[in-house]
Amino acid sequence: MAQKKTVKKATKEQVGTIIDILNDTFGKEYICYLNHETPWQLLFATILSAQCTDERVNQVTKDLFVKYPTLEAFANADLAEMEQDIYSTGFYKNKAKNIINCAKILLLEYGGEVPREIEKLTALPGVGRKTANVIRGNIYHEPSIVVDTHVKRISKKFGFTKQDDPDKIEQDLMKILPKEQWILYNIQIITLGRTVCTARSPKCERCTLRSVCPSSEV
């Protein structure tokens, strides 16, 4: 059995080179993979995305946002019915309860607006730092780092972090990545992880980062 390669902490120069290649390869366009028309729709879609693919969430929200077209409709939704509506996203009992309660709080405390402060966002039911940073980055364009499975896995491959805890990974990435790159890094790494650097069979021979990636198998 092949011994797992030890990855050293990336130098400032290596970080800069990787960022340049990511920008050249994937561009600097802001992309959100969860379909939405309003900030609260993105909030609920992100809550649904926990342990679920964006593709599945988009299939569910296509009908969900028609059935419940307003925050008031979500706040007044029947819990059992909501559970059935989102069943295929997994963990549907907690997600349904959190979304309904979240809608109520947004209406009662924030006048139907989604707050931008991370402390207020993470105080909402079912909202952790990952979900909060999705909102801050995509809605308010606040520099933020979203640590999903792709960002966690590939950042470790780059030597950007050795941590497993998402909050600690976020802190590591905030220290080494330029602030203007934070949102772009999320988008670029998710794209890289879905297309080339896949978890099961990374296609290192096709990767534009193979010459600078310490985990490259080429």
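Is Arg116 buried, exposed or partly exposed? Arg116 is partly exposed, with a relative accessible area of 36%; on this scale buried means under 20% relative accessible area, exposed means over 50%, and partly exposed is what falls in between, using a 1.4 Å probe and protein chains only. Keep in mind that this is a predicted model, where local features need pLDDT of at least 70, side-chain atom pairs count only at pLDDT 80 or more, and totals for chains, interfaces and linings use all residues. Residues are numbered from 1 along each chain as its sequence is written, and side-chain values use heavy atoms, leaving out hydrogens and water.

Let's stay with Arg116 for a moment. Arg116 forms a salt bridge with Glu142, with the closest N and O atoms 2.8 Å apart. Arg116 sits in the loop between helix 6 and helix 7, and Glu142 in the loop between helix 8 and helix 9, so the pair ties together parts that are 26 residues apart in sequence. The rule here is a side-chain nitrogen of Lys or Arg within 4 Å of a carboxyl oxygen of Asp or Glu, and helices are DSSP runs of H or I with at least four residues, numbered from the N terminus. Glu142 counts as partly exposed too, at 24% relative accessibility.

Arg136 lies in helix 8, residues 129-138, and is buried yet has no salt bridge. The nearest side chain of opposite charge is Glu142, 4.3 Å away, where Lys and Arg count as positive, Asp and Glu as negative, and His and the chain ends are not counted. Leaving aside neighbours within four places in sequence, Arg136 is in contact (heavy atoms within 4.5 Å) with Arg116, Glu117, Ile118, Leu121, His141, Glu142, Pro143 and Ser144. One of those, His141, is in the loop between helix 8 and helix 9 (149-158) and has a positive phi of about 55° although it is not a glycine. Most residues other than glycine have a negative phi. Gln51 is another case, with phi near 55°; Gln51 lies in the loop between helix 2 and helix 3 and is exposed, with a relative accessible area of 69%.

What about the rest of helix 8? Seven of its ten residues are buried, so helix 8 is largely enclosed by the rest of the structure. Those buried residues are Thr131, Ala132, Asn133, Val134, Ile135, Arg136 and Gly137, and they pack against helix 2 (39-48), helix 7 (118-122), helix 10 (166-176) and helix 11 (182-195).

On to the nonpolar cores, meaning sets of buried Ala, Val, Leu, Ile, Met, Phe, Trp, Tyr and Cys residues joined through side-chain atoms within 4.5 Å. The largest has 35 residues, and Leu43, Phe44, Leu64, Phe74 and Met82 touch the most other members. Helix 2, helix 3, helix 4 (71-75), helix 6, helix 7 and helix 8 each supply at least two residues of this core, with the largest share, seven residues, coming from helix 2. Apart from this core lies another, of 24 residues, among them Ile21, Ile145, Leu192 and Leu209.

Rings of Phe, Tyr and Trp (its six-membered ring) pair if their centres lie within 6.5 Å, with planes under 30 degrees apart called stacked, over 60 edge-to-face and the rest tilted. That gives nine aromatic pairs, and ring pairs link Trp40, Phe44, Phe65, Tyr68 and Phe74 into a cluster.

Finally, back to charges, where the count comes to seven salt bridges. Glu83 and Lys93 meet in one of them, at 3.6 Å from N to O. Glu83 lies in helix 5 (residues 79-85) and Lys93 in helix 6, so the pair ties together parts that are ten residues apart in sequence. Glu83 counts as buried at 12% relative accessibility, whereas Lys93 counts as partly exposed at 48%. Asp164 and Lys156 also form a salt bridge, at 2.4 Å from N to O, and Lys67, Glu81 and Asp85 are linked in a network of salt bridges.
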